[in-house]
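Please look over the structure below before reading on. The report then goes through parts of the fold one by one.

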Amino acid sequence: MKHLHCLALLIAVAALPRLAVAAGLSPEVHRDARVTFRVIAPHASKVLVLGDWLKRGEELPMAQGQDGMWSATAGPFPPGNHIYGFEIDGVQVPDPENASVKLRASRAGSYFHIPGDAVWQAAEVPHGNVEINFHQSELLGDTRWFSVYTPPGYDKDHQKQYPVLYLLHGSNDTPIGWVMIGAANFILDNLIRRDDAAEMIVVMPFGHAVAHGSPSELQKTNTRRFEAYLMQEVIPTVERKYRVRTSPKDRAIAGLSMGGGQAITIGLTHLDRFSVIASFSGAVPIDKDGTEAEQLSEVLARADDVNQALDLFWIGCGKDDFLIERNQNFVRLLQEQGINHQFRLSEGVHNYHVWRQYLTSLLPALFRPDSAPAGTTGNADNVAYLGRSDPGGNPVRLAKRTGHVSNYDQTQVPAYELPDPLQMQDGTRVTTADQWQRRRQEILGFYQQQIYGQVPENAPGVTWKVMETDEGSRGDATTKKIEGTVGAADQEDAPKLHVTLHVPKTAKGPVPVLLNLSFFGGEFPRRAGGPPRFDPIAEVLAHGWAFAQIGYNDIQPDRPNAFNRGVIGLTLPEGHSEPAADQWGTISAWAWGASRVVDYLQTDDDINEDRIAITGASRLGKTALWAAANDQRIHSVFSVVPGEMGASLIRRDWGETLDDMAQNFPWQFAGNLQRWVGRWNELPVDQHLLIAAIAPRSVYINGGVSDQWSDPKGEFLAMVAAEPVYRLLGGTGLGTETLPELDQPIVSGQLGFHYHSQGHRAVPEDWKQFLKFADRHASP
């Protein structure tokens with residue numbers, strides 16, 4: 001029937017007087033995401049583009065060209081579908097040249113698609129199904145229909161039951177609008193794939209219980225009639241046909257525009273049926289004075305009942321939406337009544353681009369009591385790119401507990417204040433080296449108990465043995481294969497640590513050594529074919545240093561649910577599957593392993609025991625810093641792109657956050673880290689204090705410009721904030737508070753920093769600069 005309506009409208013357009021419709025490319029989507037619209041109307045005097053991205057009264061004028069062709073170009077547009085049409089001498093029509101027609105309650109529109117890396121774009125992930133259900137409504141006396149999304153895998157497990165979101169459309173829309181333009185199915189497919197949303201069923205009913213365009217007095221009854229239809233017919237039908245859970249905690253109701261008002265009214269009057277209410281640019285219920293929902297006055301006066309029943313009451317509206325004042329009035333009413341709610345004020349008008357973002361924000365919080373809507377913290381403007389990359393190529397991720405969305409916008413970084421490195425927790429100022437040692441122990445104690453975890457008292461010893469000495473595998477070095485037995489030396493199945501040590505053949509006596517914490521054992525992987533890969537080992541040996549390497553998995557596996565293996569497994573009490581909340585995660589275990597290698601290196605006659613340096617990249621860059629903070633035998637540190645929970649400031653909201661680390665890599669830290677999710681500013685430490693704990697020994701850190709996830713600027717700022725400790729102990733720091741230009745390393749003081757023009761790695765210049773840097777700051 002709707003298709004016939006659209007066809008009739010197009011026929012009427014063709015028959016308009018003074019209007020000739022002919023072929024023309026429209027819409028033309030350009031590579032820069034701008035769009036050109038065209039229509040042939042040789043006798044028209046005024047032609048406008050009506051776009052859902054435009055404010056009311058700000059339609060886009062079209063210019064008349066040759067042969068009666070009118071055209072206009074707009075944009076650039078964000079990824080997704082966008083609705084538009086034309087107004088030709090006051091008559092609204094869809095684009096006659098565009099086959100993409102948006103079904104609506106009246107006046108079908110046209111739409112165009114902008115490709116891009118957004119969460120609502122179809123991706124190569126498992127897809128759910130969308131089906132249309134027709135049924136005879138006894139209440140409304142006609143044939144009705146509603147759309148249903150079932151998640152991927154719904155047809156495979158016939159025992160599994162799902163929670164349900166009832167998702168309502170707007171006034172000039174149908175039950176398919178949330179799919180045709182809103183891409184609700186693709187949003188869910190993508191979020192479910194990343195476990196950023198629970199698997200759920202989404203029911204999209206037809207919200208017009210009375211015909212759209214009916215007299216206003218009849219229209220006023222629409223919400224009441226729709227409420228009865230939804231509660232008495234749609235929900236029972238869904239619960240008979242689909243495998244859905246039926247408790248209030250397993251139902252949510254949300255909607256846009258008209259549907260937003262319906263969601264609020266129906267949700268609040270049926271608190272025994274829904275635990276979540278959400279309104280997107282909603283036509284929120286108001287009385288004649290525009291200040292209160294008359295039909296809801298009784299329930300709104302019972303704030304305790306509402307707050308107890310609802311897990312989430314979420315409202316969003318664009319700043320330029322024509323319903324913004326109405327929404328703000330309603331939010332003020334909720335505040336006055338003491339009703340818990342979240343209100344998101346965003347950029348945008350009354351269109352699906354805004355509503356797609358709102359749906360993406362809402363879904364992660366549904367049916368997961370320990371999750372928050374996406375964008376509750378962080379950069380809500382990046383919700384569109386969840387699980388993907390923002391326009392700058394930076395990864396955008398969601399921390400579920402806090403709803404944090406990755407930020408890369410300096411204007412979105414909240415103000416923060418760092419703990420003073422030279423002030424004890426009791427307020428005492430640190431002015432001497434002796435006082436600093438007490439402050440240092442205070443800092444390390446917190447990290448040990450709350451961040452990385454303490455090494456337990458029953459940590460095993462390691463017995464080392466040189467298994468092989470090879471003079472020929474490298475022309476520039478004598479290579480030793482060294483094995484460490486963890487625990488009892490005579491235990492056959494005891495874990496083994498394997499270290500490869502290369503000593504330069506040019507050595508005339510004990511030489512400095514660089515211990516590399518590696519993601520693999522043995523040599524660096526070699527490239528097959530192509531130009532030779534830079535060989536860090538050769539660089540180190542040519543500089544007159546030895547090079548030692550241990551694979552981190554020898555010490556402790558780097559994955560969840562593996563605490564019963566590796567060195568941590570040897571220390572767990574019987575019947576326990578993980579360490580105590582204040583005991584070590586894998587970073588502390590790897591740091592412990594590094595110190596056991598230092599034990600051996602100090603006994604090797606080829607090694608200068610006073611010149612032991614350590615390096616590692618990414619999570620092993622964090623480990624290198626933590627190992628050096630605890631083990632003062634380590635002379636200098638080369639921490640490669642250590643990022644969050646390594647060198648970048650926790651309080652600086654940029655790229656990866658503590659919340660991300662606690663969610664995605666909990667096994668790397670003490671269990672107590674979970675206590676600090678969303679509480680960054682309450683921490684008595686930040687990563688400048690970890691760097692300060694190594695003072696006055698030398699620390700070199702690098703970051704890459706295309707690795708903003710690791711926050712190179714945050715690493716630099718942490719080094720700047722650690723500098724007062726170096727000065728107190730007679731050393732020097734970076735000597736500047738200005739982030740250096742790319743590829744201009746700062747290496748004059750005991751702190752060195754290199755902001756290079758590549759990504760998450762060490763560039764060859766880093767290895768060269770670090771060796772010179774460490775030599776320059778060698779102890780006399």
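In helix α16, the residues Arg619, Leu620, Gly621, Lys622, Thr623, Ala624, Leu625, Trp626, Ala627, Ala628 and Ala629 are buried, where buried means under 20% relative accessible area, exposed means over 50%, and partly exposed lies in between (1.4 Å probe, protein chains only). Because 11 of its 12 residues are buried, α16 is largely enclosed by the rest of the structure. The end C-alpha atoms of α16 are 17 Å apart, which agrees with the 16 Å that its 12 residues should span at 1.5 Å a residue. The expected span of a helix is 1.5 Å times one less than its number of residues. Helices (H or I, at least four residues) and strands (E, at least two) are DSSP runs, numbered from the N terminus.

This is a predicted model, in which local features need pLDDT of at least 70 and side-chain atom pairs count only at pLDDT 80 or more, while totals for chains, interfaces and linings use all residues. Residues are numbered from 1 along each chain as its sequence is written, and side-chain values use heavy atoms, with hydrogens and water left out.

**Helix α11 and its partner**

Helix α11 covers residues 433-451. Its 19 residues reach 25 Å from the first C-alpha to the last, close to the 27 Å expected at 1.5 Å a residue. Its buried residues are Gln435, Trp436, Arg439, Arg440, Ile443, Leu444, Gly445, Phe446, Tyr447, Gln450 and Ile451. The cover over these buried residues includes α16 (619-630), α18 (687-692) and α19 (712-728). Just after α11, Gly453 takes a positive phi of about 100°.

How do α11 and α16 lie relative to each other? Their axes come within 11 Å and cross at roughly 135°; axes are lines fitted to C-alpha atoms, for helices over the stretch in contact, and angles run from 0 to 180 degrees between N-to-C directions. The two helices, α11 and α16, are therefore oblique to each other. Angles under 35 degrees count as roughly parallel, over 145 as roughly antiparallel, 65 to 115 as roughly perpendicular and the rest as oblique. The contact is made by Arg440, Leu444, Tyr447 and Gln448 of α11 and by Trp626, Ala629 and Asn630 of α16, contact meaning heavy atoms within 4.5 Å. The crossing of α11 and α16 is left-handed, meaning that the near helix is turned anticlockwise from the far one by less than a right angle, while clockwise would be right-handed.

**Helices α3 and α10**

Another helix pair is formed by α3 (residues 184-193) and α10 (residues 352-362), with axes that come within 10 Å and cross at roughly 35°. The crossing of α3 and α10 is right-handed. Here Ala184, Ile187 and Leu191 in α3 meet Arg356, Leu359 and Thr360 in α10.

**Asn222**

Asn222 lies in helix α5 (residues 222-241). Is this residue, Asn222, buried or exposed? Asn222 is buried, with a relative accessible area of 3%. A polar atom of its side chain lies 3.1 Å from the backbone nitrogen of Val210. Leaving aside residues up to four places away in sequence, Asn222 touches Gly207, His208, Ala209, Val210, Met258 and Gln262.

**Backbone features in loops**

Most residues other than glycine have a negative phi, and most peptide bonds are trans.

Pro27 lies in the loop between α1 (2-14) and β1 (28-29), and Pro76 is in the loop between β6 (69-74) and β7 (80-88). Ala33 sits in the loop between β1 and β2 (35-40) and is buried, with a relative accessible area of 14%. Ser281 belongs to the loop between β16 (276-280) and α7 (297-300); Ser281 is buried, at a relative accessible area of 0%.

**The whole protein**

The secondary structure comes to 20 helices and 30 strands. The C-alpha trace spans about 100 × 65 × 55 Å along its principal axes. Of the 780 residues, 57% count as buried. Among contacts between residues at least 6 apart in sequence, 70% join residues at least 24 apart.

Technical notes: Polar contact = N/O pair within 3.5 Å; in protein donor to acceptor, adjacent residues only side chain to side chain.
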